[in-house]
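Please look over the fold below. The report takes the sheet, its core and the ligand site in turn.

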Amino acid sequence: MSKTIAIANQKGGVGKTTTSINLAASLAASEYRTLLIDIDPQANSTSGLGVENNNPSIYEVLIGNVLPEDAIKASFIPFLDVLPSTINLVGAEIEIVDLPNRERLLKERLKLIDDRYDFILIDCPPSLSLLTLNALSSADTVLIPVQCEYFALEGLGQLLNTINIVKHHFNKNLTIEGVLLTMYDSRLRLSQQVTEEVQRYFGEKVFNTIIHRNVRLSEAPSFGKPIIMYDALSTGARNYIALAAELIERNQSYLKVAK
Ligand SMILES: Nc1ncnc2c1ncn2[C@@H]1O[C@H](COP(=O)(O)OP(=O)(O)O)[C@@H](O)[C@H]1O
Ligand SMILES: [Mg+2]
């Protein structure tokens, strides 16, 4: 059984893709069999890991008759596979709207590979669309990146509401894995204020690990590398390794059962 985590926030630019790539790579570096599913038509997780987004992709898995195992590609990192996205996925929303079970297409497909991975991460698009609903319906938990900036909490009510709707209708065991503070800038009083506000609101759900703003993290994707391979000693690398360690620690009991 894999632990499936949707990385979601309908706001763009909060660090979903950066977290998907680097958490997945850090889990794989600890030799956990990891799959990153890119369900964002922008395909930034796919290119950020140096994986070609040629067909078949998640699009053919969702819409067509392609099996996940035939679309999954090995990355150049041991223990890390990618189910790539393509721009074709833009049209998927409209194509699946009339399908029966339209919110559960991904869940059905993932059943076929559930025993192959320890962790499956799903990088969601910046919307609460059918693609995101598919991700939430397939997931055990949701990881919510929150950027340390003005209006950080804005829109989170809507996300929590959507999570509740999914829980009620499609996936009763869905829970929040954690809230992750991203792009923390220690020079800014604002970052500290946002951190306190998010901790007040979400309490224990906030990861102890905070992802600092680090330019190396924004450079790495253009080289098709996760931060641990681009600059292993950077703050960004240390932060994401710490996040993986915290996630593994929080999931000890689950991982023991799975192994
Ligand atoms: N901790 C960070 N430090 C510096 N830049 C970051 C950090 N996290 C993300 N970025 C940059 O911010 C932009 C948005 O991040 P991204 O992960 O693509 O967000 P999302 O997937 O939520 O839209 C990208 O250019 C990314 O490289
Ligand atoms: Mg993204």
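In what order do the strands of the open sheet run? The order is β3-β4-β2-β5-β1-β6-β7, seven strands with mixed pairing. Strands here are DSSP runs (E, at least two residues), and helices are runs of H or I of at least four residues, numbered from the N terminus. Two strands pair if DSSP finds at least two bridges between them. At the edges lie β3 (73-74) and β7 (175-182), each pairing on one side only.

This is a predicted model: local features need pLDDT of at least 70, side-chain atom pairs count only at pLDDT 80 or more, and totals for chains, interfaces and linings use all residues. Residues are numbered from 1 along each chain as its sequence is written, while chains are lettered from A and ligands numbered from 1 in the order in which they are written.

**Strand pairing**

| Pair | Bridges | One bridge pair |
|---|---|---|
| β1 and β6 | three bridges | alanine 6 and valine 142 |
| β2 and β4 | four bridges | isoleucine 37 and leucine 83 |

**Strand β2**

Five of the five residues of β2 are buried, so this strand is largely enclosed by the rest of the structure. A residue is buried if 20 or more other C-beta atoms lie within 10 Å of its own, exposed if 12 or fewer, and partly exposed in between; C-beta atoms are placed from the backbone. Side chains in a regular strand alternate between the two faces of the sheet. In β2, Thr34, Leu36 and Asp38 are buried on one side. Leu35 and Ile37 are buried on the other.

**Phenylalanine 119**

Phenylalanine 119 sits in strand β5. Why does phenylalanine 119 count as buried? Phenylalanine 119 is buried because 26 other C-beta atoms lie within 10 Å. Beyond its neighbours within four places in sequence, phenylalanine 119 contacts Ser2, Lys3, Ile5, Leu27, Tyr32 and Thr34. Contact means C-beta atoms, placed from the backbone, within 7 Å. Leucine 27 is 92 residues away in sequence, yet the C-alpha to C-alpha distance to phenylalanine 119 is 8.0 Å.

**The nonpolar core**

The largest nonpolar core has 72 residues. Such a core is a set of buried Ala, Val, Leu, Ile, Met, Phe, Trp, Tyr and Cys residues joined through C-beta atoms within 7 Å. Ala6, Ala24, Ile58, Leu121, Ile122, Ala135 and Leu136 touch the most other members. Helix α1 gives the most to this core, with seven residues. Alanine 24 touches Thr34, Leu36, Leu80 and Leu121, leaving out residues up to four places away in sequence.

**Helix α7**

Is helix α7 (130-138) mostly covered or mostly open? Helix α7 is mostly covered, with nine of its nine residues buried. Among them are Leu130, Thr132, Asn134 and Ser138. The cover includes β1 (3-7), α5 (92-96), α6 (105-110), β5 (119-123), β6 (141-147) and α8 (156-169).

**Ligand 1**

Which residues are closest to ligand 1? They are Gly13, Lys16, Thr17, Thr18 and Ser218, within a shell of 17 residues (C-beta atom, placed from the backbone, within 6 Å). Helices α1 (16-29) and α10 (215-219) are the elements that give two or more residues to this shell. By class, the shell has six nonpolar, nine polar and two charged residues. Ala, Val, Leu, Ile, Met, Phe, Trp, Tyr, Cys and Pro count as nonpolar, Asp, Glu, Lys and Arg as charged, and the others, Gly among them, as polar.

Technical notes. Contact = placed C-beta atoms within 7 Å.
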